[in-house]
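Subject: Structure handover

Hello,

Here is the structure we spoke about. Please look it over, then read my notes below.

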Amino acid sequence: MKIDKEWVIDQIEKIACFGKGQRGITRLAFTEADIQAQEYIMSLMDQVGLVVSRDQMGNIIGRLEGGDKALPAVLTGSHLDTVPEGGKFDGVVGVVGGLAAIRRIQGMGVLNHTVELIVFVGEESSRFGFATLGSKAMVGLADTHAWSKAKDQNGVSFQQVMAQHNLNIQQIGAAARSSEQIKAFVELHIEQGQVLEKSGNTIGIVKTIAAPTRLKITVEGIAAHSGSTPMEERCDALVSAAMIILAIQEIALQQAGRGTVATVGALKVYPGSINVVPGLVEMWVDLRGVNQESIVECLQVIKDAISNITEEQDTVVAIEMISSEKPVEMNPEISKLIQKSCTDIGAPYQVIHSRAGHDAMNMSKLAPTGMIFVPSKEGISHNPDEYTGYDDIMTGIDVLTETLYQLAK
Ligand code: GLV
Ligand code: MN
Ligand code: MN
């Protein structure tokens with residue numbers, strides 16, 4: 001199997017067929033399309049001669065055995081699941097690129113360390129509301145109690161989905177690995193921002209990953225007849241929710257200078273009928289940044305604003321913290337190694353922050369971790385128009401190959 005640009009294009013295009021819809025790619029965690037993409041990658045891993053297995057979370061592990069089994073393994077990888085109507089590069093570049101890098105390393109003779117390609121399951125929070133499920137399980141941070149209550153938009157529980165795939169939620173703990181087994185983790189990913197495109201650099205060496213804080217806000221009003229209930233007598237949950245959304249936008253705008261962003265990305269209105277004043281609204285907020293102080297401040301101001309709005313509107317609000325993760329620093333030694341790979345290859349690079357979440361933020365708790373970014377056209381991501389030039393992807397693979405080789409030789 002010749003690993004060149006055509007091969008990489010071909011694999012990315014083939015994986016894009018799993019879950020392709022009228023708009024973009026919908027390959028939500030553990031859906032049929034996701035499993036098909038996973039099985040396709042497993043067959044490629046197998047063809048390349050990797051030893052392929054799945055852990056108790058369903059993460060795929062492909063091993064290129066090293067010469068000295070006593071040494072810790074060097075890991076790379078990313079995810080195959082997408083958001084609804086997503087693009088074809090988010091996650092996939094790190095999986096296909098990781099396989100390409102390992103295939104090249106294979107041609108360099110037996111290295112001392114084992115090199116592993118990991119396909120993490122459930123990186124996107126789109127299906128169950130929890131992000132990076134696979135890498136959390138691998139580092140021993142699976143919140144099985146909270147996950148066992150999670151359901152998707154169709155009411156299918158995480159527990160049921162696991163069982164469908166012969167996985168047992170009670171066994172997830174066994175997917176945890178120890179730091180002694182792992183020397184380093186390096187993830188190749190698209191930037192999902194415009195920094196590289198604007199600077200003209202091909203490679204971003206990630207310094208900090210902005211981790212998300214997520215809230216579920218439930219606004220309770222009183223459902224009523226939309227014709228016979230006078231305007232001044234209404235207790236409209238959606239009107240309160242709209243005011244909350246605008247307040248959140250305003251608060252995040254005030255923190256923009258510190259790099260903090262906030263989004264209300266999902267809303268459910270009950271009973272959801274044109275002739276009923278909304279009685280209940282559920283909304284989900286995603287708050288992120290690389291400055292923890294700013295995030296904490298933002299959160300407090302949002303809570304204050306919500307209590308003012310609901311008092312004024314006579315609605316009742318419950319705020320549930322779904323997750324609260326702190327920004328994560330990448331390992332300086334791994335970053336230095338990536339930098340040296342860029343210099344050796346002659347790839348223009350810069351240090352960059354990641355504003356999106358990644359499995360690397362969990363893996364950094366287990367092993368020295370680094371991330372390599374390649375440019376995103378116009379910064380577009382989580383959108384069918386997501387695009388990264390294949391020459392840039394190939395440079396990313398060159399840098400990944402050299403970095404993994406230096407770690408594993
Ligand atoms: C993952 O794509 C995220 O939501 O940051
Ligand atoms: Mn994503
Ligand atoms: Mn991703």
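Ala 223 touches Pro 271, Val 276, Val 277, Pro 278 and Gly 279, leaving out residues up to four places away in sequence. Contact here means heavy atoms within 4.5 Å. Ala 223 sits in the loop between strand 7 (211-220) and strand 8 (224-225). Helices (H or I, at least four residues) and strands (E, at least two) are DSSP runs, numbered from the N terminus. Ala 223 has a relative accessible area of 46%, so it is partly exposed. The classes are buried (under 20% relative accessible area), exposed (over 50%) and partly exposed (in between), with a 1.4 Å probe and protein chains only. Ala 223 and Thr 369 are 146 residues apart in sequence, and their C-alpha atoms are 51 Å apart in space.

Some ground rules before the rest. This is a predicted model, in which local features need pLDDT of at least 70 and side-chain atom pairs count only at pLDDT 80 or more, while totals for chains, interfaces and linings use all residues. Residues are numbered from 1 along each chain as its sequence is written, chains are lettered from A and ligands numbered from 1 in the order in which they are written, and side-chain values use heavy atoms, with hydrogens and water left out.

Back to Pro 271, one of the residues that Ala 223 touches. Its peptide bond with Tyr 270 is cis, with omega about 0°. Pro 271 is in the loop between strand 9 (261-270) and strand 10 (276-277).

Next, the domains. The protein is divided into domain 1 (5-210 + 327-408) and domain 2 (211-324). The bounds come from an automatic or database domain assignment. The domain centres, taken over C-alpha atoms, are separated by 33 Å. At the contact, 15 residues of domain 1 meet 12 residues of domain 2.

Where does the largest cavity lie? Both domains give residues to its lining, so the cavity lies between them. The count is 1 cavity of 30 Å³ or more, and the largest has a volume of about 30 Å³. A cavity is a set of points, on a 1 Å grid over the protein atoms alone, where a 1.4 Å probe fits but cannot get out; lining residues have an atom within 4 Å of a point. Grid points are joined across faces, edges and corners, and the volume is the space filled by probe spheres set on the points. The lining is formed by Gly 129, Phe 130, Ala 131, Lys 136, Arg 214, Ile 322, Ser 323 and Glu 325. These divide into 3 nonpolar, 2 polar and 3 charged residues. Ala, Val, Leu, Ile, Met, Phe, Trp, Tyr, Cys and Pro count as nonpolar, Asp, Glu, Lys and Arg as charged, and the others, Gly among them, as polar.

Asp 34 lies in helix 2. Its relative accessibility is 2%, so Asp 34 counts as buried. Beyond its neighbours within four places in sequence, Asp 34 is in contact with Arg 27, Leu 28, Ala 29, Leu 80 and Asp 81.

Met 108 is in the loop between helix 3 and strand 4 (115-120). At 42% relative accessibility, Met 108 is partly exposed. Not counting residues up to four places away, Met 108 touches Thr 401 and Tyr 405. Met 108 and Tyr 405 are 297 residues apart in sequence but 8.9 Å apart in space, C-alpha to C-alpha.

Two backbone angles to check. Glu 85 is not a glycine, yet has a positive phi of about 55°. Glu 85 lies in the loop between strand 3 (73-79) and helix 3, and is partly exposed at 37% relative accessible area. Asp 314 also has a positive phi, near 65°, in a residue other than glycine. Asp 314 is in the loop between helix 9 (292-313) and strand 12 (316-324). At 61% relative accessibility, Asp 314 counts as exposed.

Best wishes

Technical notes: On a 1 Å grid over the protein atoms alone, a cavity is a set of points where a 1.4 Å probe fits but cannot get out, and a pocket is an open set with protein on both sides within 12 Å along at least five of seven lines; lining residues have an atom within 4 Å of a point.
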